[in-house]
Amino acid sequence: MGSLLILLVFLGVLVAVALWAVGIYNGLVTSRNAWKNAFAQIDVQLQRRFDLIPNLVETAKAYMGHERETLEAVVAARSVAQAGLAAAKAHPGGEAEMAQLAASQGQLNGVLGRLLAVAEAYPDLKANQNMMQLSEELSSTENRVAFARQAYNDAVMAYNNRREIFPSSVVAGMFNFAHAALLDIPADKAQVREAPKVQF
């Protein structure tokens with residue numbers, strides 16, 4: 001009778017530990033899915049931004065024929081930024097991929113800012129209805145990217161905290177829940193820190 005009681009207590013402890021581990025595992029999965037969903041929102045907004053840029057360049061090209069170098073720089077930076085996003089989509093949350101994404105977006109911000117600054121010298125371009133609409137959409141998209149990036153970083157921080165705190169760290173280690181990288185904006189790069197000024 002005593003050994004049966006010990007066996008039942010032992011089985012009860014095993015069931016409690018198993019339920020505890022399942023709860024932690026499910027919490028980690030939920031947190032990981034939250035930051036991946038937040039990254040998907042960044043992807044949506046950056047794709048929207050990429051779609052606006054060719055129209056912006058085409059509109060500007062009609063007025064800024066001799067600013068070919070600036071226009072080509074925008075097109076080239078867009079390609080680099082798209083490659084950075086593709087790498088980040090292939091491995092979201094990876095340190096190198098998120099750093100590449102931040103750097104490529106910073107480069108694109110810089111050349112877009114330069115394009116818009118040069119465009120200020122062309123009154124007809126500033127008054128162009130299509131240019132004004134594209135500029136407004138670009139500005140709105142920049143704000144959406146900023147909000148999506150903040151939501152992503154918040155979700156990543158919550159996930160990383162959950163996976164690093166004991167006892168969740170034990171379950172995270174057993175099931176290879178990898179560290180997720182924030183999408184950081186380097187403080188020493190002003191053109192990355194600031195969204196392009198879009199004022200027409």
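## Salt bridges and a cis proline

Asp43 and Lys89 form a salt bridge, with their closest N and O atoms 3.7 Å apart (a salt bridge is a side-chain nitrogen of Lys or Arg within 4 Å of a carboxyl oxygen of Asp or Glu). This pair links distant parts of the chain, 46 residues apart: Asp43 sits in helix α1 (residues 2–61) and Lys89 in helix α2. Helices (H or I, at least four residues) are DSSP runs, numbered from the N terminus.

Welcome to a predicted model, in which local features need pLDDT of at least 70, side-chain atom pairs count only at pLDDT 80 or more, and totals for chains, interfaces and linings use all residues. Residues are numbered from 1 along each chain as its sequence is written, and side-chain values use heavy atoms, leaving out hydrogens and water.

**Salt bridges**
- The structure holds five salt bridges.
- Asp43 is buried at 15% relative accessible area, while Lys89 is partly exposed at 42% (buried means under 20%, exposed over 50%, partly exposed in between, with a 1.4 Å probe and protein chains only).
- Glu72 forms a salt bridge with Arg68, their closest N and O atoms being 2.8 Å apart.
- Glu72 and Arg68 are separated by about one helical turn because they are four residues apart in helix α2.
- Glu164 forms a salt bridge with Arg163, with 3.5 Å between the closest N and O atoms.

**Backbone features**
- A cis peptide bond, with omega of about 10 degrees, joins Phe166 and Pro167.
- Pro167 lies in the loop between α5 (129–164) and α6 (168–174).
- Asn176 has a positive phi, near 55 degrees, and is exposed at 65% relative accessibility.

Technical notes
Helix = DSSP H or I, 4+ residues; strand = E, 2+ residues; numbered from the N terminus.
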